[in-house]
Amino acid sequence: MVRNLFWVWYALFLIGLLAWLALMRVNDGAVLILSFDGDAIHMAQIVLRMQAGDLPHHDFLTPLGVLAFQPIVWLMNAGFGLGAAFAYAPVFIGLICLPAVYFVGITRFSPAGALAFGGVFLVQLLALVHGGVEPTVTVSMYYNNWCWAVTGLLVVMAVLPPHHFGLKAVWAESLILGIGVAFLTLTKAPFAVFILPALIVALLVRGQLRMLGFGVMWALVVLVAVTFPFGAVAYWQGYVADLLYVAQSGARGQPGAPLPLMLLAPSQIVGNLAVLVAILFLRQARKSPEALVLLVLAVGWMLIAHQNWQNDPHWLVIAGLIVMVYARNVTLYNRFGWPLQKALHSVSVLLFALGAPLLITQFQSLLIHNSLKPDRFAAVLHDADTSDLRFRSAVTQDVRGERPLSGFSKSETASATLNGETLPACQKITGLLNDLAETGARLDRFPQTNGAEVLYADWVNGLWLFSGTAPLQGGAPWYYGGTAGFDAADFLVVPLCPMGQGVRRMILNAIEQSPDLSFREIARNDLFILLQKQ
């Protein structure tokens, strides 16, 4: 009776937590950004281009799938501003996922485990920071949060057997599996690529061939249905081409440390060893199938973390929950006389402790956002549809670094040359938005740039948001290396103090090495050099 009553309270807990976290994602009707402004401009570019009819992987290059942006586009089309649409997009996703989270929670966990599982899912999904331990609010890599949350849901459902299982459960779980895998594929493909082997192995170990087959069917249905409006086959050709382009990029092919260094990093090694110890204990407890599943899972989790900037291991708490459930019914002792159930519980607690700082940082981001004073933030995009995305840096002073730049690598501080001229060594620490706004305003003083496509030699190619210029057709809103879209540029703007000195040098070197690209200088000032295509 008490257990049945809990599941009623569990539903109320999920709904209440979702509503509370959703309210904290908006402050004074806006989203207030403390850091990583460039990521917000990257998001804004793609969302606004898609809203205007541009197609990802056709009109612009991005390694992210359409569902990383389409929920925001849908909400903007429904009348929300850009900030509100960004704020409520994961709430929309959460509402869709809530029945699945409830179903998986009540069929896999004890009441305490279900509460922890539901809380982790919603905090990861709605957080206003991608990870790390710095208390901040940012748009940066929000799609990673979405994918980590959905990945945790799929992993728990596939790996842990339910308390009761029938034909209705097969249909329900295969639907969740198919939609979830399709979502990961169309949001950030590495999540699907690296976690799918573990999901398959887990279902095979549990003998759930029917669920696996129906899951594949549902995934294909969703993939076709979502991509059909974007060109179906042409969309997939473009998506794969963009993924390969970025994978081979010298700028973003590997967003973090090399894999061996990541695995041995102080922030990673204890968690990695903990999950390996759990695998060893499971084998000693004669649970080799479960040990195999956890091993394949661990490999997938680590590869996913390696593909994300900062390599944060957001999988640790979910791993702890799985190990805790695996410890049920373990009664054996190992050769050292250790009770393996208690040993597994100890590893589970360690995994919880190691994963807690990331989860706390993500939860704090919402509390911080809710406590910020809106009058200390300002919009830099002043259209009615975009003015609810506000930035602290828009009302603070720029910070620049002149050589020698301590803390920067050689590739970031190496000199760049433009038509034989060595450019000054300068790199912005803050001030991207102010520079973009001022550069856009000065560009508008040149009538020939009105409606022209402009290439900006820095990380974020978003001058069209701040001027009368046009988006770069075929280009990347965030620079990934190479010369994608460069042939469409009518003008080249070279900042004298970019956010990325190394990126400016890469862009200028790529232009210099391309025989089909040639630009001549037509103006310069204290902010940038303007060149026109010859």
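Helices (H or I, at least four residues) and strands (E, at least two) are DSSP runs, numbered from the N terminus, and by this count the secondary structure of the protein chain comes to 18 helices and 11 strands. This is a predicted model, in which local features need pLDDT of at least 70 and side-chain atom pairs count only at pLDDT 80 or more, while totals for chains, interfaces and linings use all residues. Residues are numbered from 1 along each chain as its sequence is written, and side-chain values use heavy atoms, with hydrogens and water left out.

The overall form comes next. The radius of gyration, taken over C-alpha atoms, is 25 Å for the protein chain, which agrees with the value near 24 Å that a compact globule of 534 residues would have; the globule rule is 2.2 Å times the number of residues to the power 0.38.

Of the 534 residues, 57% count as buried, where buried means under 20% relative accessible area with a 1.4 Å probe, protein chains only. A nonpolar core is a set of buried Ala, Val, Leu, Ile, Met, Phe, Trp, Tyr and Cys residues joined through side-chain atoms within 4.5 Å. The largest such core has 161 residues, of which Ile72, Phe117 and Trp301 touch the most other members, and helix α6 (residues 142-159) gives the most to this core, with 14 residues. Apart from it lies another core, of 21 residues, including Leu455 and Leu531.

Which residues does Ile72 touch, not counting residues up to four places away in sequence? With contact meaning heavy atoms within 4.5 Å, Ile72 touches Met43, Val47, Leu82, Ala85, Phe86, Ala89, Tyr142 and Trp146.

How values were computed
Buried means under 20% relative accessible area, exposed over 50%, partly exposed in between (1.4 Å probe, protein chains only).
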